[in-house]
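My entries follow in the order I looked things up.

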Amino acid sequence: MYKANEPLELTLLYHWNSPPPTGYVKQVPATEMRYMSEAAVIELPAVPQDNYLTNLLRQRHSVRAFQDTEMPLISLGQLLDAACGINGLHDVEGHIFEGRNSPSAGGLYPIEMFVSIQGVTGLSAGLYHYEPRGHGLHWVNESVPSDFVEPLLHQDYVANANALFIMTGVFMRSLHKYSTRGYRFILFEAGHQAQNICLMAVELGLGSLCLGGFNDTSINHILGIDGQRHAALYCIAVGTEKSS
Ligand SMILES: Cc1cc2nc3c(=O)[nH]c(=O)nc-3n(C[C@H](O)[C@H](O)[C@H](O)COP(=O)(O)O)c2cc1C
């Protein structure tokens, strides 16, 4: 096993050596190595269709064409709150902890949320950072979703999105407690928050697209973060789906 001097060093070794691929290796069919493919199947009860969450899950799909329309400010607030909003304070053996709408290993919350917006009623277009404590936005700079098209490897699907959420990780927040395992946790946590955004988007009548293909250095540069201790992890575009 490769031994690095410290957790951050090993984390960065993987992080920086996992850029979007330039070519594809041999395709593996989904049937390859399917677990217990020969075993008898015990059928499960049909999934009830009147379940609210089931209904949201069924409707979620990737949207790659958004309409050039406005989104209400309350919708932006709901999307941010779904991802990382605070839902109360919990007293655990005399220690007060913040509860949030998505789980975090050890309650350390290593994910930061940036959002590049355009066409949100009552809010100037540009890039903001979300502060869950106080449920507010900090102005970062003037970057709108179309400024991210090139860093997103020319995926111009985001051009008319109302909001492009960019999740970043402050690695040492988790690594100081969980060492290299913390890197896994950070990626899981970005996934939890992303799913909350996708489902809230459905609830609000909006569409979403998760984007993992991007040039790390360019995105980190736009956000003004160092890309080492604090780096971009995942993007989600949200807007009104263009009818075909
Ligand atoms: C980690 C991750 C990264 C993804 N990156 C991209 C991307 O860069 N561009 C894109 O068009 N779709 C991207 N997608 C969306 C997938 O292509 C999509 O979820 C998949 O085709 C299934 O379709 P559905 O979302 O409509 O169910 C990504 C999805 C995930 C989970």
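**Entry 1: a buried alanine**

I began with Ala201, which counts as buried because its relative accessibility is 0%, and the cut-off for buried is under 20%. I note here that the model is a predicted one. I then looked up where Ala201 sits, and found it in helix H5, residues 181-203.

Next I asked which residues Ala201 touches, leaving aside those up to four places away in sequence. I found Leu79, Leu206, Gly207, Ser208 and Val238.

**Entry 2: H3 against H5**

Two packed helices are described by the angle between their axes and the distance between the axes. I looked up both for helix H3, residues 73-84, and H5. Their axes come within 7 Å. They cross at roughly 145°. The crossing of H3 past H5 is right-handed.

I then listed the residues that meet. From H3 I wrote down Gln78, Leu79, Ala82, Ala83 and Cys84. Facing them from H5 are Gln193, Asn196, Ile197, Met200 and Ala201. I sorted this contact by class: seven residues are nonpolar, three are polar and none is charged.

**Entry 3: salt bridges**

How many salt bridges does a search of the whole structure find? I got three.

I took the pair Glu98 and Arg100 to begin with. Their closest N and O atoms are 3.4 Å apart. Arg100 is buried, at a relative accessible area of 15%.

Glu98 also has a salt bridge to Arg133, with 2.5 Å from N to O. Glu98 belongs to strand E2, residues 95-100, and Arg133 to the loop between strand E4 (126-131) and strand E5 (136-141), so this pair ties together parts 35 residues apart in sequence. I checked Arg133 for accessibility: it is exposed, with a relative accessible area of 53%.

The remaining pair I looked up is Glu112 with Arg173, whose closest N and O atoms are 2.7 Å apart. Glu112 lies in strand E3 (residues 111-117) and Arg173 in helix H4 (residues 171-178), so the bridge ties together parts 61 residues apart in sequence. Are these two buried or exposed? Glu112 is buried, with a relative accessible area of 16%. Arg173 counts as partly exposed, at 29% relative accessibility.

I then looked for shared partners. Glu98, Arg100 and Arg133 are joined into one network by such salt bridges.

**Entry 4: positive phi**

Last, I looked at backbone angles. Leu153 has phi near 55°, a positive value in a residue other than glycine. I placed Leu153 in the loop between E5 and strand E6 (163-170). Its relative accessible area is 41%, so Leu153 is partly exposed.

Ser179 is another entry under this heading. Its phi is positive, about 55°, although Ser179 is not a glycine. Where does Ser179 lie? I found Ser179 in the loop between H4 and H5. At 33% relative accessibility, Ser179 counts as partly exposed.

Key. Residues numbered from 1 in each chain as written. Predicted model: local features only at pLDDT ≥ 70, side-chain atom pairs only at ≥ 80, totals over all residues. Heavy atoms only, no water. Helix = DSSP H or I, 4+ residues; strand = E, 2+ residues; numbered from the N terminus. Buried < 20%, exposed > 50% of the residue type's maximum accessible area, 1.4 Å probe, protein only. Contact = heavy atoms within 4.5 Å. Axes fitted to C-alpha atoms, helices over the stretch in contact; angles between N-to-C directions. Left-handed = near helix turned anticlockwise from the far one by under 90°. Nonpolar A, V, L, I, M, F, W, Y, C, P; charged D, E, K, R; others polar. Salt bridge = Lys/Arg side-chain N within 4 Å of Asp/Glu carboxyl O.
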